[in-house]
Amino acid sequence: LRAKVRARVRFTKSKKVELLAKCQGLSRFWNGFTVEEMDILSEFLVVFTIPKGQALLETGQKASFVGMLAEGSAEIKIKGSTIGFLEEGDLLGEIALFRGGERTADVFSLGDDCTLLAFLITDLYDFHALHPVLG
């Protein structure tokens, strides 16, 4: 994530777990985790805030994280055309993670600032090695 438009936020572990639980209640894909599992996952989370109108992802950008929108909403564009929207609890960045590393769309923050829960790709390997059932 580019530092000029995104701020890394230091949240307590309990706040991260709270955001993960909130997303679990909203997401079609992020669910089924116990509080204990979310506590473990929170250790690997990096939290960013993205101001209104700024990019969360940019086409062609090297994938450095897979994330979840914890607060706010975002617009997905390909070649300047809106193809969809993300709401709280939605995943983003997963396509580049599984397809080889480059972002395939632009995603912009709408409305209020967005809070993004990110798992850095470099940390996912360590996470999987330490917690293969969760990873």
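This report describes the cysteines and aromatic rings of a predicted model.

Residues are numbered from 1 along each chain as its sequence is written, and side-chain values use heavy atoms, without hydrogens and water. Because the model is predicted, local features need pLDDT of at least 70 and side-chain atom pairs pLDDT 80 or more, while totals for chains, interfaces and linings use all residues.

**Cysteines**

With a disulfide defined as a pair of cysteine sulfur atoms within 2.5 Å, the count is zero. The sulfur of cysteine 23 has its closest cysteine sulfur in cysteine 114, 12 Å away, which is too far for a bond. Cysteine 23 is buried at 0% relative accessibility, and cysteine 114 is also buried at 0%. Here buried means under 20% relative accessible area, exposed over 50%, and partly exposed in between (1.4 Å probe, protein chains only).

**Aromatic rings**

The whole structure holds three aromatic pairs. Rings of Phe, Tyr and Trp (its six-membered ring) pair if their centres lie within 6.5 Å; planes under 30 degrees apart count as stacked, over 60 as edge-to-face and the rest as tilted. Two of the pairs are tabulated.

| Pair | Centre distance | Plane angle | Class |
|---|---|---|---|
| Tryptophan 30 and phenylalanine 33 | 4.5 Å | 35 degrees | tilted |
| Phenylalanine 44 and phenylalanine 127 | 4.9 Å | 80 degrees | edge-to-face |

Phenylalanine 44 and phenylalanine 127 are both buried. Tryptophan 30 is buried too, with a relative accessible area of 10%. Ring pairs join Trp30, Phe33 and Phe119 into a cluster.
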